Amino acid sequence: MASGSGVVEEVSKLIEVKARLQSDEGKHKFVLKTPKGTRDYNPKQMAIREKVFNTIIGCFKRHGAETIDTPVFELKETLTGKYGEDSKLIYDLKDQGGELLSLRYDLTVPFARYLAMNKITNIKRYHIAKVYRRDNPAMTRGRYREFYQCDFDIAGKYDPMIPDAECLKIIHEILTELQLGDFQIKVNDRRILDGIFAVCGVSDNKFRTICSSVDKLDKTLWEDVKNEMVGEKGLAPEAADQIGAYVRLSGGMALVEQLLQDPRLSQNKLALEGLEDIKMLFQYLTLFGVTDNVSFDLSLARGLDYYTGVIYEAVLLQNQGEVQIQQQNDHAEESVSVGSVAGGGRYDELVGMFDAKGRKVPCVGLSIGIERIFSIMEQKVEASEEKVRTTETQVLVAAAQKKLLEERLKLISELWDSGIKAEMLYKKNPKLLNQLQYCEETGIPLVAIIGEQELKDEVVKLRVVSTREEVNVSRRNLVEEIKKRSGQKS
């Protein structure tokens, strides 16, 4: 039998082991990961991303837009009640010194607040920034909790459908330029939907909730949408069937004409206004030459509460990479359209909600779904095994012999001061082979080599990495020669 002191000793050993295990456990529990629904971007991904952003910004600027920025969080009351059923996805922050704040959910509501606060009645602006949604992320499909939005909006009183047509033209230009494959822009009008609901016997207070059910038709079968309307939202089955007969229609100008003749819809003031505007919109889109990619689709609802008129959404068709992902997720019936890459519409009442006197500023805008576009671009690059450059360095300053660090520093400084993107290796005496290999690995196209003979002759040996061709260029003409070979304007 163990003595009392032996027991105490054993117990203290056990306590020590337990403490050590707990501290090891603590270490083990610390997991290095990004929060759910977020991701890091490596230099290669950022290079692809930057290219996409430059295309989008170039298009926005081509159409005469200026840019603004707003805080990443807003007063909670600014965002409350603007998003319909999506309001539950807003991230609320802790009380900060008496202010209840929320992270911005999109860039449209902050824009409306900005217009009302600064009493701006007309502006054409773009805004590219991160927004936050407490969503269930589906990261393979480009759905995140933190993501960029690229918005373009035209605020002001103008003649009908001219700014709206330009917004659709911009979406067409961007998707064409990014070469993502075939796409379709679906167009509808909230007034037509409201008119359909009214003639089918939906009460006013159910308009928005029925609208959000119809909005699911691109992802869900009609039977499921009908069951939601009837079972969850208390709509009469016959009203749901009547709505179904309309919202499953799509087409072009011929469908607009057909609905203008519809005895029930043409009697509804809202629906008639919407149809006449859609007709005008198609006339302008014909002049812009983009109607081949545009479809008048009565199932398009866009769930956000603030839309008042024309609404639109662009979807990519049959992009193989995403189709496979969807089929793995048992959504094979969705494989024809792979989800929205842009959307928008008219929201004429939103600014008035923030104005003490209720002064309205009509607005129309669009948002490009950069994350999904980026996922597709990334897949394309992976599939093609195309090499992506992550820097824009035009030239590497290299030495052919030892003890030329000072000369390299002087030359690289001259190049930087002249606006040339240049690098050098951070070694006093790097081997020439290592310097050339660095250019091969990183895609630097030119090498400016100096040696003792070049210094005497006041020239630099300029080497083209891809062809290994070498020419001696006088020191004073070097900047001009690099710019010419890089296609950079002097």
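I note that the model is predicted.

I then looked up how much of helix 6 is buried. Helix 6 spans residues 190-199, and eight of its ten residues are buried. I list them as Arg-190, Arg-191, Ile-192, Leu-193, Asp-194, Gly-195, Ile-196 and Phe-197. Just past the end of helix 6, I found Gly-201 with a positive phi of about 85°.

**Helix 6 against helix 9**

I checked the pairing of helix 6 with helix 9. Their axes come within 9 Å and cross at roughly 145°, and the crossing is right-handed. From helix 6, the residues in contact are Leu-193, Ile-196, Phe-197 and Val-199; from helix 9, they are Gln-242, Ile-243, Tyr-246 and Val-247. I sorted these contact residues into seven nonpolar, one polar and no charged.

**Cores**

Which residues have the most contacts inside the largest nonpolar core? I found Phe-60, Phe-197, Ile-243, Phe-296 and Tyr-312, in a core of 101 residues. I also found a second, separate core of 17 residues, with Ile-450, Leu-462, Val-473 and Leu-478 among them. Phe-197 and Ile-243 had already turned up in the contact between helix 6 and helix 9. As background, I note that nonpolar side chains tend to be buried together in soluble globular proteins.

**Helix 5 against helix 11**

I next took helix 5 (residues 162-177) and helix 11 (residues 269-288). The two axes come within 9 Å and cross at roughly 45°. Helix 5 is therefore oblique to helix 11. I recorded the crossing as right-handed. On the helix 5 side I see Ile-162, Asp-164, Ala-165, Glu-166, Leu-168 and Lys-169, which meet Leu-281, Tyr-284, Leu-285 and Phe-288 of helix 11. The contact residues divide into seven nonpolar, no polar and three charged.

**Asp-277**

Is Asp-277 buried or exposed? I placed Asp-277 in helix 11. Its relative accessibility is 14%, so Asp-277 counts as buried, the limit being under 20%. Leaving aside neighbours within four places in sequence, I found Asp-277 in contact with Pro-160, Met-161 and Arg-191. Arg-191 is one of the buried residues of helix 6.

**Leu-260**

I looked up Leu-260 in helix 10 (residues 253-260). Leu-260 is buried, with a relative accessible area of 16%. Not counting residues up to four places away in sequence, I found that Leu-260 touches Ser-266, Leu-272, Leu-275, Glu-276 and Lys-279. I also took a separation along the chain: Leu-260 and Tyr-144 are 116 residues apart, and their C-alpha atoms are separated by 41 Å.

**Lys-428**

My last entry is Lys-428, in the loop between strand 13 (422-423) and helix 16 (432-442). Why does Lys-428 count as exposed? Lys-428 has a relative accessibility of 62%, and exposed means over 50%. With neighbours within four places in sequence left aside, I found Lys-428 in contact with Leu-405 and Arg-408. From Lys-428 to Val-8 I noted 64 Å, C-alpha to C-alpha, and 420 residues in sequence.

Definitions and conventions. Residues numbered from 1 in each chain as written. Predicted model: local features only at pLDDT ≥ 70, side-chain atom pairs only at ≥ 80, totals over all residues. Heavy atoms only, no water. Core = buried A, V, L, I, M, F, W, Y, C linked by side-chain atoms within 4.5 Å. Buried < 20%, exposed > 50% of the residue type's maximum accessible area, 1.4 Å probe, protein only. Axes fitted to C-alpha atoms, helices over the stretch in contact; angles between N-to-C directions. Helix = DSSP H or I, 4+ residues; strand = E, 2+ residues; numbered from the N terminus. Parallel < 35°, antiparallel > 145°, perpendicular 65-115°, else oblique. Left-handed = near helix turned anticlockwise from the far one by under 90°. Contact = heavy atoms within 4.5 Å. Nonpolar A, V, L, I, M, F, W, Y, C, P; charged D, E, K, R; others polar.
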